[in-house]
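Hi there,

Here is the structure I promised to pass on to you. Have a look at it first, and then read on for what came out of it.

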Amino acid sequence: MKKQILLIGILLILCLSGCSSRQNPAVLHIAMPFSDMVQDPDTNYYVNWLREQTGLSAEISLIRGTDGMDYLNELFSSDADIDIVLFGNGFSVSRKDLEPFMEKGLIDVSGEDPFYLNTGTSVPGNTGQILWINMEWLSKLQLSIPETTQDLKTVLTAFRDRDPNENGLADELPFAGTFEAYAFSPAEFILSSYVYNDPYHSRYGFGAEKENCLAATEEFRKGLSFCRELFDERLLILRGDKRELAELINSPVCLVGAFTAESISDMIYQGNPEILAKYIHVSPPAGPEGKQNAWYSFHEPEVGAVIVGRSTKKEEARLFLKTMLTKEASLIAGYGQQGTDWDFSDGTDVSIYGGPSGIVTRNYIWNTPQNKHLNGIGPMQIPEEYLTGVTWNGINSDAEYIDARAQMTCRKYLPESRDFHEPDPLLSSVIDEAVKDFVTGKREIGSDEEWNEYLQSLQECF
Amino acid sequence: MERISAKLTGVFLTVCLLFSGCGTSLPQSGQNSQPFPETAETWESPEELYRKALSEDILIVYTVTSRAALTKDAFEKEYPGLDVEIRDLRSPNLIEAVEENHKKGLRDCDVVLCTDSSGDFLDRLVKPGLVVPYLPPDIRVHMKEGTENGMVSFLNEAELLFYNPEKYKTCPVSNLWELTKEHYRGKIYMPNPLRSFSTYALCTAVFEQEKALTEAYQSCFGTPLSVPSGESAASMFWTMLSKNAIFTNSSDEVAEALNDGIADFGICVSSKLRFREIGYKMEPVQKLLPFCGCRTSYSVMLSSDALSPNAAKLFIRFLLGEADGKGEGIRPFCTPGTWSVRDDVDDGNTIPREDFDLIEPDQNYLIETKEEMERFWSDLLKQESGTQT
């Protein structure tokens, strides 16, 4: 009898231990950057979906007020119990930055890919810079969309002089930009009317002109000279950074006549439909020789996540991150909850990039405060057929739709060939510095001496 | 025991009294503290409305036209202290949103500006009383005939055929059937009729033009049109045209395709003519056998459970141009391709709408044939989606 009771007891304990491991799944500790666009990572729809799919428990700690490298340095000099670090939405590290940590075993390298890449939501084959012009001002001043660089100057002069925001002040910024990134620089845009000005490939030509650095040509000089002219006449206004520029563009006073960006949502807040409605995309204007060029945007996949080397739950961490890279997860990460925020098309819908669409969005939640996904934090790889196969959700202020239409207009100005020269970081840096200096007058574009010095500095890089 | 039972009874009765008070505190969907007659029998002056509106919440306007944002700016300047929120939506989405609001009792919409061309607006919002007309008598006297029929029109437009003037000095076609010819393959842009109410109105209205289409076919090709059983001249026309068409999400894309030079023809709302003011290259077709488009219009209506009814009425007055037609609210809609509903407001169009060969969609026909038309277009679009580039 006692033996029977003991046997039953042992069997019970075995059963309960099985149950308890099911009731207590492994707890992954995940660090992710704080984002205004993610309301509550703990109750986030996407995070809960990942928990269900993997059977894992995930506890999120938020990272605030620090950048990727500083955080990793702090993490590895502490004994904080973190298994996964997610990157994205401005909190980033490069693959090169991670090498020293990998060499020391601080980051797990035993998986297939230690970086768990985030390819984002950018559509491959898009142009890297679009001109957005204030349509309301054009209408008020009875002007047409500029088709040439001279038209552009005429329009910008009218913006400067004729008080289109009707407040009695000369506060209009005809063409505003910043050198912080190529997409936001008016100079890069104007230079494309003179040469094929691809800053991501060190301004080299392609195809037959692949070995020619077009930043060393007379046409490039003429383009810089035109930029300098606009700058001197206060038609081209430069600000320190993107944030400052965005504040000006989003001002309810309506201050900006034109700006450039890859996406209109880079500059205009999604919650500002009235400001969005004021701007219209414009084809690249033709330069004096009739050239109209656009260059491809270039987005390297970013590091989406790393597994911490000292984690005792590497298998679980890999499962979690691999799940994030599946098509199903990536669609949630990009578009939100299927059935509510988006659905698969029934074949009757049209993509915003032309042709049949695969996805119908119902609520556009990217870059808006929401709790359906992590707004670009963490790894994801949305298949290209879905990136280019989204239909319009019917909202006129949908930035994705506005961008797609701009991209469709500019497509014909992109080069057909993609036989690009390899970029040269040193050369690029010399050219970038020179563009800034010549446009702002720190160096004199009209001086043959200064121009030749510049050419000499390029020669030293070749 | 008796004392305890009595105490419990007392507590129970007290709780009942408290909850009975709570039951009537929330307004029911579809009801309002102010009644909305179908027309304004108790007319209030703008001054009275403004005074009352100042104590109301933000005015929320659901609109399909982005120009409402300009009216909003002008309204807020004219009436300091009143704030307007614009929700810019496509017609199908707007109708769903208003229905959803009412179903959930959200009261999240005060004014609706929507195309009334597809039948859906009438069928799903007007007939069930989710939206009601508001047209004060001092403005009604200036409205053109036909602009008030259970709905208040504030815009007259057309879904119209355009051509590319950079490629063609004059319109290269004089007969609608010419658009079905093979050399226009991939050159005709039009919005998806299942997503665009105005396009849907044209596509469906064509089905009521059997005789005119059949005669036009004969005129174009020199032979009688042979219509297989189960088909019609209209279904044949659209099936043939779809092979040449590139479907888009909106009229904006059509206008852009014409301007960019990739489209030879475009079918889109006439209001896109205003883009010509900023240099867009698109020319409307005025005369075509048997027609070049169809009439469309937009209504402005009050939500029957508006949370800010006085602000809503004031906004509608402002949008309609006020009593003398000089109000700033109507100005954004006085643009080429948009014809005024008032007899005292110059809409700036050099060509009256009557000079275009337009057909008139029958609202009841649109409602009655909705399922059939959606099936027709669904099948056609699925077929074409396998062949579009």
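**What was found**

In chain A, 76% of the contacts with a separation of 6 or more come from residues 24 or more positions apart. Please keep in mind that this is a predicted model.

Some more on chain A to begin with. It is built with 16 helices and 14 strands, and its C-alpha atoms fill a box of roughly 105 × 50 × 40 Å along the principal axes. Of its 462 residues, 55% count as buried.

**Nonpolar cores**

The largest nonpolar core has 118 residues. Among those with the most contacts inside it are Phe159(A), Ile190(A), Phe220(A) and Tyr454(A), and Trp238(B) is on that list too. Helix H15 of chain A, residues 425-440, gives the most to this core, with 7 residues. As background, nonpolar side chains tend to be buried together in soluble globular proteins.

**Where the two chains meet**

How many residues does each chain bring to the contact? Chain A gives 33 residues and chain B gives 33 residues. Between them, the two chains bury about 2,600 Å², with 48% of it on carbon and sulfur atoms. Across this interface there are 13 residue pairs in polar contact, both residues being at pLDDT 80 or more. On the side of chain A that touches chain B, the elements giving two or more residues are helix H5 (135-140), strand S9 (279-282) and helix H14 (399-410). H5(A) gives the most, with 4 residues. By class, that side of chain A has 12 nonpolar, 13 polar and 8 charged residues.

The interface of chain A and chain B also has 4 salt bridges.

- Glu147(A) and Lys281(B) meet through their side chains at 2.6 Å, N to O. Glu147(A) lies in the loop between H5 and helix H6 (149-161) of chain A, and Lys281(B) in the loop between strand S8 (265-269) and strand S9 (283-284) of chain B, so the pair joins two chains. Glu147(A) is partly exposed, with a relative accessible area of 44%, whereas Lys281(B) is buried at 18%.
- Asp349(A) pairs with Arg195(B) in a salt bridge, with the closest N and O atoms 3.1 Å apart. This pair joins two chains because Asp349(A) lies in the loop between strand S12 (342-344) and strand S13 (359-361) of chain A, and Arg195(B) in the loop between strand S6 (188-191) and helix H7 (197-205) of chain B. Both Asp349(A) and Arg195(B) are buried.
- Lys72(B) forms a salt bridge with Glu274(A), where the closest N and O atoms are 3.6 Å apart.

Lys72(B) is also one of the buried residues of helix H3 (residues 68-78) of chain B, along with Ala68(B), Ala69(B), Thr71(B), Ala74(B) and Phe75(B). What covers the buried residues of H3(B) includes helix H10 (273-276) of chain A, together with strands S1 (59-63), S2 (84-88) and S3 (111-115) and helix H11 (309-319) of chain B.

Is Glu256(B) buried or exposed? Glu256(B) counts as buried because its relative accessibility is 6%, and buried means under 20%. Glu256(B) sits in helix H10 (residues 251-260) of chain B. Apart from neighbours within four places in sequence, Glu256(B) is in contact with His281(A), Arg405(A) and Tyr280(B).

**Salt bridges within chain B**

Over all chains, the structure holds 49 salt bridges. One of them pairs Glu157(B) with Arg67(B), the closest N and O atoms being 3.0 Å apart. Glu157(B) lies in strand S5 (residues 153-163) and Arg67(B) in the loop between S1 and H3 of chain B, so the pair ties together parts that are 90 residues apart in sequence. Glu157(B) and Arg67(B) are both buried. Elsewhere, Glu99(B), Asp120(B), Arg124(B), Lys370(B) and Glu374(B) are linked in a network of salt bridges.

Methods:
Residues are numbered from 1 along each chain as its sequence is written. Chains are lettered from A and ligands numbered from 1 in the order in which they are written. This is a predicted model: local features need pLDDT of at least 70, side-chain atom pairs count only at pLDDT 80 or more; totals for chains, interfaces and linings use all residues. Side-chain values use heavy atoms; hydrogens and water are left out. Contact means heavy atoms within 4.5 Å. Buried area is the accessible area (1.4 Å probe) that two parts lose on being put together, summed over both. A polar contact is a pair of N or O atoms within 3.5 Å; within protein, one must be able to donate a hydrogen and the other to accept it, and residues adjacent in sequence count only if both atoms are side-chain atoms. Ala, Val, Leu, Ile, Met, Phe, Trp, Tyr, Cys and Pro count as nonpolar, Asp, Glu, Lys and Arg as charged, and the others, Gly among them, as polar. A nonpolar core is a set of buried Ala, Val, Leu, Ile, Met, Phe, Trp, Tyr and Cys residues joined through side-chain atoms within 4.5 Å. Buried means under 20% relative accessible area, exposed over 50%, partly exposed in between (1.4 Å probe, protein chains only).
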